[in-house]
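Hello,

Here is the structure I promised to pass on to you. Please have it open beside this email while you read.

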Amino acid sequence: MEKFIEMIKYGIDNNKPIEYFYEIYNDSWHLVRWNAMSIENDKFYRARTLNKEDLFHNINELKYPPSSIVSEKGRLNDINESVAYLSTSELVPLVELDINYYQIYCLVEIEYIVQNIIFFTIGIKGEYEGITEDEIKFIDFFNHLLTTPNKNYYNATIAFAKKIFKSGLFMNEVKLNQGIIYNSAQEFKTNKHLYNVVVEPKVFDECFRIKKATFQILSYNALEDCIITNEINHGKILDNGEINWEKSYEEMIKYCMDLYKGDIFKMNDNENQSFIVKYPEGIKIIENEDEDFYYIKINEEHVMKVEKANVIDIAN
């Protein structure tokens, strides 16, 4: 197993193509007794950032992307290849998408309605019983590749996903739906184990259903030093997949502006003493006009004058 690990490391260091890693997995696959498990969770989550002045209008916009628009490699998907990434907690996609304070995002709750997927377990606690130390070392190596935010690993992890979805575990049995479950690449201050799962689009369509869609925004409680998630818009999902939102885009933005008009955060860049304010519609510059006040241009019609004493500094 050590030889195959060194071959994978060599391939990563030398930017070898996906096919290189796939052949290594073909040669080493039979040496590892990969563990698999079913999942009892009935809820999973996805998130999408809002990067246009509009709302998502259909649930198809909130599940896996069409392969035709996938222009970059992901952890487990190639260019022009789509997989569905889901999380076992609503916290995971927020951190992995690097959602900022006062940035609007759409969070969907997904039901696991047809529970016939067998998931490969990569680095999951308690799933190593009955396998050798060499096998554990090999699986732990893949756990490292999957949980380290390094895009240089992507060819190796994409090939791994291709091998799983093509070969599966059950070579001589009835073909079951295959999935992958692995530890989140992000660290959280929580006692819960937080995982990502990945399935192919056809498996998502067969086994999952988007149940709930909301727009949310993150704020910060300085007194308790914690992040707060706030629902700012709720969508009703119709039978045809269309989403009826309680608020229009313009109404949602105005609601945020009214709700958080007293919440201002500054960041000192330590070079020219400029500051950044995050509001729902983007990033604005504070003009430091005098010693006691900041003047913040929110939009063409709205300029706020704020006493410095009332500005919360979260840079540190």
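First, a word on the model. It is a predicted model, in which local features need pLDDT of at least 70 and side-chain atom pairs count only at pLDDT 80 or more, while totals for chains, interfaces and linings use all residues. Residues are numbered from 1 along each chain as its sequence is written, and side-chain values use heavy atoms, with hydrogens and water left out.

Let's start with α4, which covers residues 133-147 and has 15 residues. From its first C-alpha to its last, α4 reaches 21 Å, close to the 21 Å expected at 1.5 Å a residue. (The expected span is 1.5 Å times one less than the number of residues.)

Which residues of α4 are buried? They are Glu135, Phe138, Ile139, Phe141, Phe142, Asn143, Leu145, Leu146 and Thr147. Buried here means under 20% relative accessible area, exposed means over 50%, and partly exposed is in between, with a 1.4 Å probe and protein chains only. The cover over these residues includes α1 (2-13), α2 (18-28), β5 (117-122), α5 (154-167) and β6 (177-183). As you look along a helix, remember that an α-helix has 3.6 residues a turn, so residues three or four places apart point the same way.

Asn143 has a relative accessible area of 16%, so it counts as buried. Apart from its neighbours within four places in sequence, Asn143 is in contact (heavy atoms within 4.5 Å) with Ile122, Gly123 and Asn183.

Next comes α5, with 14 residues and a reach of 20 Å from first C-alpha to last, close to the 20 Å expected at 1.5 Å a residue. This helix is mostly covered, with 12 of its 14 residues buried. Among them are Tyr154, Ile158, Phe160, Ile164 and Phe165. What covers the buried residues of α5 includes α1, α2, β5, α4, β6 and β7 (195-199).

**Two loop residues**

Asn15 sits in the loop between α1 and α2. Its phi is positive, about 55°, although Asn15 is not a glycine. Is Asn15 buried or exposed? It counts as exposed, at 63% relative accessibility.

Asn80 also has a positive phi, near 60°, and is a residue other than glycine. You will find Asn80 in the loop between β2 (43-49) and β3 (84-87).

**The largest pocket**

Rolling a probe the size of a water molecule over the atoms shows where empty space is left. On a 1 Å grid over the protein atoms alone, a pocket is an open set of points where a 1.4 Å probe fits, with protein on both sides within 12 Å along at least five of seven lines, and lining residues have an atom within 4 Å of a point.

The largest pocket has a volume of about 1,200 Å³; a volume is the space filled by probe spheres set on the points, which are joined across faces, edges and corners. How many residues line the largest pocket? There are 38, of which Arg46, Ala47, Asn77, Tyr85 and Leu97 lie nearest its centre. β2, β3 and α3 (91-96) each supply at least two lining residues, and β2 gives the most, with 5 residues. By class, the lining has 17 nonpolar, 11 polar and 10 charged residues. (Ala, Val, Leu, Ile, Met, Phe, Trp, Tyr, Cys and Pro count as nonpolar, Asp, Glu, Lys and Arg as charged, and the others, Gly among them, as polar.)

**Salt bridges**

The structure holds 8 salt bridges, each a side-chain nitrogen of Lys or Arg within 4 Å of a carboxyl oxygen of Asp or Glu. Here are three of them.

- Glu109 and Lys43 meet at 3.8 Å, N to O. Glu109 is buried at 13%, whereas Lys43 is partly exposed at 34%.
- Asp205 and Lys63 meet at 3.1 Å, N to O. Asp205 lies in helix α6 (residues 201-207) and Lys63 in the loop between β2 and β3, so the pair ties together parts 142 residues apart in sequence.
- Glu81 and Lys162 have their closest N and O atoms 2.5 Å apart. Glu81 is in the loop between β2 and β3 and Lys162 in helix α5, 81 residues apart.

Happy exploring!

Methods
Helices (H or I, at least four residues) and strands (E, at least two) are DSSP runs, numbered from the N terminus.
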